[in-house]
Amino acid sequence: MHRRIRIQPRFWLFVIALMVLCFGASSAVAQYRYAQVSDHLSALNEEKILLTNRISDLNAQLDYVRTDAYVERVARDELNMLLPGEIRYVSN
């Protein structure tokens with residue numbers, strides 16, 4: 001004798017409700033994770049812009065440091081050097 005198990009309609013309603021709940025939770029977690037990644041990406045893009053500007057400033061400074069005018073200014077002001085034939089006048 002085989003006893004046949006009869007599934008009640010409320011069981012199917014429970015299974016469907018459980019599936020909807022699981023899909024809803026999964027969707028909420030995915031949206032939360034997407035928001036986190038999106039915020040992190042925005043922060044990284046802002047940092048990239050700042051670093052790009054910093055690189056540009058440093059390249060401009062490097063170009064200036066490589067000029068003869070900069071070398072002469074440093075030699076005169078910081079190293080107290082004179083060109084041949086120049087006389088330094090010191091006043092009180």
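Tutor: Helices (H or I, at least four residues) and strands (E, at least two) are DSSP runs, numbered from the N terminus. This is a predicted model, in which local features need pLDDT of at least 70 and side-chain atom pairs count only at pLDDT 80 or more, while totals for chains, interfaces and linings use all residues. Residues are numbered from 1 along each chain as its sequence is written, and side-chain values use heavy atoms, with hydrogens and water left out.

Student: What makes Asp77 and Arg73 separated by about one helical turn?

Tutor: Asp77 and Arg73 are 4 residues apart in helix H2, and therefore about one helical turn separates them.

Student: Why is the contact between Asp77 and Arg73 called a salt bridge?

Tutor: The term requires a side-chain nitrogen of Lys or Arg within 4 Å of a carboxyl oxygen of Asp or Glu. For the side chains of Asp77 and Arg73 the N to O value is 4.0 Å, and the pair is listed as a salt bridge. The structure holds 3 salt bridges.

Student: Why is Asp77 called exposed, and what does Arg73 count as?

Tutor: Buried means under 20% relative accessible area, exposed over 50%, and partly exposed in between (1.4 Å probe, protein chains only). Asp77 has 52% relative accessibility and so counts as exposed, whereas Arg73, at 36%, counts as partly exposed.

Student: Which residues form salt bridges with Arg76?

Tutor: One partner is Glu72, with the closest N and O atoms 3.1 Å apart; another is Glu86, where the closest N and O atoms are 2.7 Å apart. Arg76 lies in helix H2 and Glu86 in the segment after H2, so this pair ties together parts that are 10 residues apart in sequence. Arg76 and Glu72, by contrast, both lie in helix H2 (residues 68-77), 4 residues apart, about one turn of the helix.

Student: How do you know that Arg76, Glu72 and Glu86 are partly exposed?

Tutor: Arg76 is partly exposed because its relative accessibility is 27%; Glu72 falls in that class because its value is 39%, and Glu86 because its relative accessible area is 32%.

Student: Why is the aromatic pair of Phe11 and Trp12 called edge-to-face?

Tutor: The structure holds 2 aromatic pairs. Phe11 and Trp12 form one with 5.5 Å centre to centre and 70° between the planes. Rings of Phe, Tyr and Trp (its six-membered ring) pair if their centres lie within 6.5 Å, and planes under 30 degrees apart count as stacked, over 60 as edge-to-face and the rest as tilted, so these values give an edge-to-face pair. Phe11 is partly exposed at a relative accessible area of 40%, and Trp12 counts as partly exposed at 46%.

Student: What makes the pair of Tyr64 and Tyr70 edge-to-face?

Tutor: Tyr64 and Tyr70 have 70° between the planes and 5.3 Å centre to centre, and they form an edge-to-face pair. Tyr64, at 40% relative accessibility, counts as partly exposed, as does Tyr70 at 22%.

Student: How do you know that Ile5 is exposed?

Tutor: Ile5 is called exposed because its relative accessible area is 74%, and this residue is found in the segment before helix H1 (9-65).
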